[in-house]
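Here's a quick tour for anyone opening this structure for the first time. Have a look at the picture, then read on.

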Amino acid sequence: MTATATTQRILPIHSPLFVPPEQLIGCRDLRQLFAQPDRPLALEIGCGIGDFMAKLAAANPMTNFIAIDIYNKGCLKTCRRLEKAGLNHVRVLRVEARYLLHQHCPANSLSAVYINCPDPWPKKRHRDRRLVNGDFLRLLLCCLTDDGRLHFASDVADYANQVACLLAGIEGYVQPGATAVTTALPGYPLSKYMRRFLAGNLPIYFIARHRQAGLQLSEADRPALPTGFRTRHPHPANRQELGP
């Protein structure tokens with residue numbers, strides 16, 4: 001690894017909505033981060049600048065939300081946007097998704113997970129670097145509550161079709177409609193990135209699933225934490241390691 005490839009300038013975040021890495025030490029359940037931990041808890045993976053989360057949280061004031069991103073600047077902008085909107089039922093974390101799910105999300109704890117336009121790694125030789133694979137979907141299934149929802153959106157048809165195929169092979173995910181992938185999902189909040197894509201007459205591919213009601217899963221069903229690309233927890237100091 002080289003310093004130019006792995007170092008990101010860290011901007012201090014003083015927002016009361018931001019959860020610094022040291023606050024996560026010893027926290028085995030993200031619901032503990034909220035004054036009303038009995039409310040449903042939903043997670044957005046890859047919050048960017050917080051546009052989607054601000055809309056989602058405003059529409060669901062009785063749900064607690066976690067918004068995560070591996071980029072410090074995105075977390076800062078997300079906090080500013082949420083504070084300006086007065087959305088105090090959201091917590092923002094700079095952390096890698098798999099690490100967070102393994103270390104801080106017990107089984108049956110998330111009422112919904114949202115993944116919007118993750119890095120598609122378009123080159124074939126890089127496809128194994130995509131975040132959403134079979135093990136990741138099984139991990140999410142374990143973390144979702146009974147009838148909990150999974151929403152995935154991508155501007156890349158190949159990625160969406162790959163995720164739909166993976167979901168079809170995992171027992172426990174229920175497809176609510178007849179279409180595995182759709183380009184229209186009424187009522188779903190659109191981020192600035194999505195709106196820009198749609199304005200250029202380019203489609204966004206949406207996938208919606210929910211966990212089968214009554215499905216019995218426990219910590220023993222959780223896939224092992226993978227090693228390798230982007231699975232390390234970001235260092236709380238001045239660097240962020242992104243490479244293998």
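Helices and strands here are DSSP runs numbered from the N terminus, with H or I over at least four residues making a helix and E over at least two making a strand. What you're looking at is a predicted model, so local features need pLDDT of at least 70 and side-chain atom pairs count only at pLDDT 80 or more, while totals for chains, interfaces and linings use all residues. Residues are numbered from 1 along each chain as its sequence is written, and side-chain values use heavy atoms, with hydrogens and water left out.

- Seven strands make an open sheet, in the order 3-2-1-4-5-7-6, with mixed pairing. At its edges sit strand 3 (90-94) and strand 6 (173-174), each of which pairs on one side only.
- Two strands count as paired if DSSP finds at least two bridges between them. In general, such pairing runs through backbone hydrogen bonds, either parallel or antiparallel.
- Strand 1 (residues 41-45) and strand 2 are a parallel pair, with five bridges. Within that pairing, Ile45 stands opposite Ile68 of strand 2.
- Strand 6 and strand 7 (residues 205-211) run antiparallel and are joined by two bridges. Across from Val174, the bridge partner in strand 7 is His210.

**A covered strand**

- A quick word on exposure: buried means under 20% relative accessible area, exposed means over 50%, and partly exposed is in between (1.4 Å probe, protein chains only).
- Strand 2 (residues 64-69) is mostly covered, with six of its six residues buried.
- In a regular strand, side chains alternate between the two faces of the sheet.
- For strand 2, both faces are covered: Asn64, Ile66 and Ile68 are buried on one side, and Phe65, Ala67 and Asp69 are buried on the other.

**Salt bridges**

- A salt bridge here is a side-chain nitrogen of Lys or Arg within 4 Å of a carboxyl oxygen of Asp or Glu. Searching the whole structure turns up nine of them.
- One of these links Asp29 and Arg31, with N to O at 2.7 Å. Asp29 is buried at 15% relative accessibility, while Arg31 is partly exposed at 25%.
- Lys55 and Asp51 form another, their closest N and O atoms being 2.9 Å apart. These two are four residues apart in helix 3 (residues 51-59), so about one helical turn separates them. Lys55 is partly exposed at 34% relative accessible area, but Asp51 is buried at 8%.
- Glu219 and Arg222 also form a salt bridge, with 2.8 Å between the closest N and O atoms. Glu219 is partly exposed, at 43%, and Arg222 is buried, at 14%.
- Some salt bridges share partners, and these join Asp51, Lys55, Arg81 and Arg195 into one network.

- Where does Asp155 sit? Its place is in the loop between strand 5 (144-154) and helix 7 (157-168).
- For charge, Lys and Arg count as positive and Asp and Glu as negative, with His and the chain ends not counted. Asp155 is buried yet has no salt bridge, and the nearest side chain of opposite charge, Arg196, is 9.4 Å away.
- The side chain of Asp155 does have a polar contact of 3.0 Å with that of Tyr193. (A polar contact is a pair of N or O atoms within 3.5 Å; within protein, one must be able to donate a hydrogen and the other to accept it, and residues adjacent in sequence count only if both atoms are side-chain atoms.)
- Setting aside neighbours within four places in sequence, Asp155 is in contact (heavy atoms within 4.5 Å) with Cys117, Tyr193, Phe197, Pro203, Ile204 and Tyr205.

**Cysteines**

- How many disulfides does the structure hold? It holds zero, a disulfide being a pair of cysteine sulfur atoms within 2.5 Å.
- Cys75 is in no disulfide, and its nearest cysteine sulfur, in Cys47, is 5.1 Å away. Cys75 is buried at 0% relative accessibility.
- Cys143 is buried too, at 0%. The closest cysteine sulfur to that of Cys143 belongs to Cys105, and at 5.2 Å that is too far for a bond.

**Positive phi**

- Asn108, in the loop between helix 5 (97-104) and strand 4 (110-116), has a positive phi near 60° without being a glycine. Asn108 is partly exposed at 31%.
- Asn201 has a positive phi of about 60° and isn't a glycine either. Asn201 lies in the loop between helix 8 (192-199) and strand 7, and is exposed at 72%.
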